[in-house]
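This report describes the pockets, the cavity and the helix packing of one protein model. The sequence and the structure are shown first, and the description follows.

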Amino acid sequence: MKHIQKKFRSGRDSEVVALGDIDFAAADGECVAVMGVSGSGKSTLLNIIGCMDFSTSGEYLYCGQNVEKSGDAARAKLRRETFGSIPQNYDLLLNDTVAENISLPMILAGKKHRHIKERTTMLAESVGLGDKLKRKARSLSGGELQRVAVARALANDPDVVLADEPTAALDYETAKSVMSLLRRLCAENGKTLIFVTHDIRLTEFADRTVQIKDGTIHE
């Protein structure tokens, strides 16, 4: 990312600058923690990286591809196949089972039933929920819900995992357990992990920490 800006209209005549001048890069397999005060633009940055939002100006390259100039179909393909997302507060279907939540991205991507079933079981086992595939999400603890969210993010075998405050609703010990699991799974599979956190203690899981301040990135 080079000189990325993001501005929003607020009312008829006012403008909000969410990102002022962002220069940012992440390497294959790297784990980067992003910190900053509330409203500094951390979530906006993740949304632009994950092709869920557009920048106002600047250049964003992914593996040499100019994402900002890609068409809707190419961006949708990147969003579906390249990026796995763990949003704040899990964003799970609480009335569905663990298996149904994990398998949803694969269903939307049109994967075959056998592949979906096998990968869902494998992912559930990898996050320690192999015995809870048929449990409704609403019956799980906070830590278990976050593990389901981790498994779902990995469903389509993305190259990059984006986690927005993935442990904000958890106590510190549970948060450490979830972050350790997420970091290990990404490292074992060569995935780039970019996560937003407000807890400086969790930056121990990152290879590098950056801060967003005054609309820019600080190493």
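For the packing of helices, an axis is a line fitted to C-alpha atoms over the stretch in contact, and the angle between two axes runs from 0 to 180 degrees between N-to-C directions. The model described here is predicted.

**Helix packing**

In these terms, α5 and helix α6 (residues 172-188) pack at an angle of about 15 degrees, and their axes lie 10 Å apart. Since angles under 35 degrees count as roughly parallel, α5 and α6 are therefore roughly parallel to each other. The crossing of α5 past α6 is right-handed. On the α5 side the contact is formed by G143, Q146, R147 and V150, which meet T174, S177, V178, L181, L182 and L185 in α6. By class, this contact of α5 with α6 comprises five nonpolar, four polar and one charged residues.

α5 also packs against α3, at an angle of about 30 degrees and with the axes 8 Å apart. That angle makes α3 roughly parallel to α5. The crossing of α3 and α5 is right-handed. Here V98, N101, I102 and P105 of α3 meet V148, A151 and R152 of α5. The residues of the contact of α3 with α5 are divided into five nonpolar, one polar and one charged.

α3 has a further partner in helix α4 (residues 113-126): the axes of α3 and α4 come within 9 Å and cross at roughly 130 degrees. The two helices, α3 and α4, are therefore oblique to each other. Their crossing is right-handed. From α3, the residues A99, I102, S103, M106 and I107 meet H115, I116, R119, T120, L123 and A124 in α4. The contact of α3 with α4 holds seven nonpolar, three polar and one charged residues.

| Helix pair | Angle | Axes |
|---|---|---|
| α5 and α6 | about 15 degrees | 10 Å apart |
| α3 and α5 | about 30 degrees | 8 Å apart |
| α3 and α4 | roughly 130 degrees | within 9 Å |

The largest pocket has a volume of about 660 Å³. Its lining consists of 30 residues, and R79, F83, G84, S85 and P105 are the closest to its centre. Two or more residues of this lining come from each of α1 (42-49), α2 (72-81), β7 (83-86), α3 (98-108), α5 (142-153) and β8 (160-164). By class, the lining of the largest pocket has 17 nonpolar, eight polar and five charged residues.

The second largest pocket has a volume of about 330 Å³. It is lined by 18 residues, and A25, A26, Y60, L61 and Y62 lie nearest its centre. The elements that contribute two or more residues to this lining are β5 (61-62) and β9 (192-196). In the lining of the second largest pocket, 13 residues are nonpolar, three are polar and two are charged.

**Cavity**

How many cavities of 30 Å³ or more does the structure hold? It holds one. The largest cavity has a volume of about 30 Å³. The residues that line the largest cavity are N89, Y90, Q146, E165, P166, T167, A168, A169 and L170. Of these, Q146 is also one of the α5 residues that meet α6. The lining of the largest cavity divides into five nonpolar, three polar and one charged residues.

Terms used: Residues numbered from 1 in each chain as written. Predicted model: local features only at pLDDT ≥ 70, side-chain atom pairs only at ≥ 80, totals over all residues. Heavy atoms only, no water. 1 Å grid on protein atoms, 1.4 Å probe; cavity = no way out; pocket = protein on both sides within 12 Å on 5 of 7 lines; lining within 4 Å. Points joined across faces, edges and corners; volume = space filled by probe spheres on them. Helix = DSSP H or I, 4+ residues; strand = E, 2+ residues; numbered from the N terminus. Nonpolar A, V, L, I, M, F, W, Y, C, P; charged D, E, K, R; others polar. Parallel < 35°, antiparallel > 145°, perpendicular 65-115°, else oblique. Left-handed = near helix turned anticlockwise from the far one by under 90°. Contact = heavy atoms within 4.5 Å.
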